[in-house]
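Visitor: Could you walk me through this model, and tell me what stands behind each term you use?
Guide: Gladly; let us have a look together.

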Amino acid sequence: MRIWLCGRLRVNADGESVEHRLERRQARVLAGLLVLRRERPMRREELIEAIWPDTAWGQHEGALRVLLTAVRRVFGSDALTGRVELRLELPSDVWIDVEQAAADVAIAERALREGRVADAAAAAHAAASTLAEPFLAGETAAWIDDARRELGDLAVTALELEAGAELKRGNPREAARAARELVTRAPYREGGHALLMEALAAEGNTAEALLAYERLRLLLRDELGTTPSHAVSDLHARLLAGPEPGRAPPVARATEPATEPAVAEAPRLPLPVALAPVEGVAFVGREPELQALTGAWRRARAGARRVTLIAGEPGIGKTSLV
């Protein structure tokens, strides 16, 4: 027996589709509930409340019996056990899509920990594909909404695992596809945006990776009034700076006047990647600003504490000047 709960309810028994025997919408909802909660018995009151919320006590007992008869026509006359508390007992080898998806996510997590990235990517992709459609599509109930949230979280985990595994196995195109789906499903999950940025950069599309960061920044600013995390901002800075440069070309300095105290030349320390000049790219202009900064630097090295503020419109070249 094979049962699909994602998308429309489907039941296949011995190669035959039998879900059409659940003619009424309430029967499909009841069948989905009994399949999903088959690990524990459910009181009749629970079943009635799940199908007819806000109902008066004692109502719908007759209607529930009709629905249970329809469930038996699909899963077998002996599938429902108990009287006050009912439980759906299915064959030991039954295949249920949401249970298989949870198992695939666990397989992917274990494979990724063990370094088997191809296995991790395959299992995570299988889980994400299974969970692509909504749980019991077209049906409405409070417990269905709860199940959709839980399975939505599982789908996000699957996509995150898939994107990470595809990146590690050197397959950025598939990583970017999974990351895009992840961002669509969970737009406020910064890890998905980071995976998308890494995948696009690995494809050689750094500009798109930077645009992905900008979309995240605007989303967080406009919707939550916050900024990306340090980890994502650091990734953006690394992408913005490009490959870590080698030895940077010297920057022209203003001639120090003879009246300044002589200070021994300190050993050069490498600048952070985001601030290091890109080798082979000339810096032109900004002579007054460079002179002001050079003077402030000389005075600081002579012992005077100094804070310099650099301000300007976005994109005017503040970082390059620093």
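**Pocket, core and a buried arginine**

Guide: The second largest pocket has a volume of about 190 Å³. This is a predicted model, where local features need pLDDT of at least 70 and side-chain atom pairs count only at pLDDT 80 or more, while totals for chains, interfaces and linings use all residues. Residues are numbered from 1 along each chain as its sequence is written, and side-chain values use heavy atoms, with hydrogens and water left out.

Visitor: What makes a set of points a pocket?
Guide: On a 1 Å grid over the protein atoms alone, a pocket is an open set with protein on both sides within 12 Å along at least five of seven lines, and lining residues have an atom within 4 Å of a point. Here 15 residues line the second largest pocket, with Glu289, Leu309, Ile310, Ala311 and Leu321 nearest its centre.

Visitor: Which element gives the most to the lining of the second largest pocket?
Guide: H11 does, with five residues; helices are DSSP runs (H or I, at least four residues), strands likewise (E, at least two), numbered from the N terminus.

Visitor: Why does Arg38 count as buried?
Guide: Buried means under 20% relative accessible area (1.4 Å probe, protein chains only). Arg38 has 15% relative accessibility, so Arg38 counts as buried. Arg38 lies in the loop between helix H1 (25-36) and strand E4 (42-43).

Visitor: What does Arg38 touch?
Guide: Contact means heavy atoms within 4.5 Å. Not counting residues up to four places away in sequence, Arg38 touches Arg87, Leu88, Leu90, Val94, Ile96 and Glu99.

Note on methods
1 Å grid on protein atoms, 1.4 Å probe; cavity = no way out; pocket = protein on both sides within 12 Å on 5 of 7 lines; lining within 4 Å. Points joined across faces, edges and corners; volume = space filled by probe spheres on them. Buried < 20%, exposed > 50% of the residue type's maximum accessible area, 1.4 Å probe, protein only.
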